[in-house]
Amino acid sequence: GSSDERYAHIEAEDRAKVTSELERTKTWLDDVEAKIAASPSTADPVIMASEITLKVGSLTTVCDPIMRKPKPAPKAEPPPPAADTAPAEPAAEGDPADAAPPPPAGADM
């Protein structure tokens, strides 16, 4: 149906266009079937195969381009930060980051 995931990307306006065309064609077909049922079997045909072919062509021309629209490509998400990054190396001896804090002012040792 129209809620099918394969067609979820088709805009509502385009869906309405397809639905409208399908309803018109269905109404036309119902009318033709009623005329056929009401006519005697010895009467000339109420409809020719060429008329049906034209109607199918019209329906296909309107609906196929809409129904065959490809899904948009998924949006590229930035890659998550690598979880296996190496831990930061400890500060080398003599680096200020590794040195003991200076004694508080006025403290006797």
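Predicted model: local features only at pLDDT ≥ 70, side-chain atom pairs only at ≥ 80, totals over all residues.
Residues are numbered from 1 along each chain as its sequence is written, and side-chain values use heavy atoms, with hydrogens and water left out.

So, what does lysine 69 meet in a salt bridge? Its partner is aspartate 14, at 2.4 Å from N to O. By salt bridge I mean a side-chain nitrogen of Lys or Arg within 4 Å of a carboxyl oxygen of Asp or Glu. Aspartate 14 sits in helix 1 (residues 12–38) and lysine 69 in the segment after helix 2 (49–67), so this pair ties together parts 55 residues apart in sequence. Helices here are DSSP runs of H or I, at least four residues, numbered from the N terminus. Aspartate 14 itself is buried, at 9%.

Searching the whole structure gives 4 salt bridges. Another one joins arginine 24 to glutamate 21, with the closest N and O atoms 2.4 Å apart. These two are 3 residues apart in helix 1, about one helical turn. Glutamate 21 is buried at 9%, while arginine 24 is partly exposed at 48%.

Then there's lysine 26 with aspartate 30, at 2.8 Å, N to O. They're 4 residues apart in helix 1, again about one helical turn, and aspartate 30 is partly exposed at 33%.

Key. Buried < 20%, exposed > 50% of the residue type's maximum accessible area, 1.4 Å probe, protein only.
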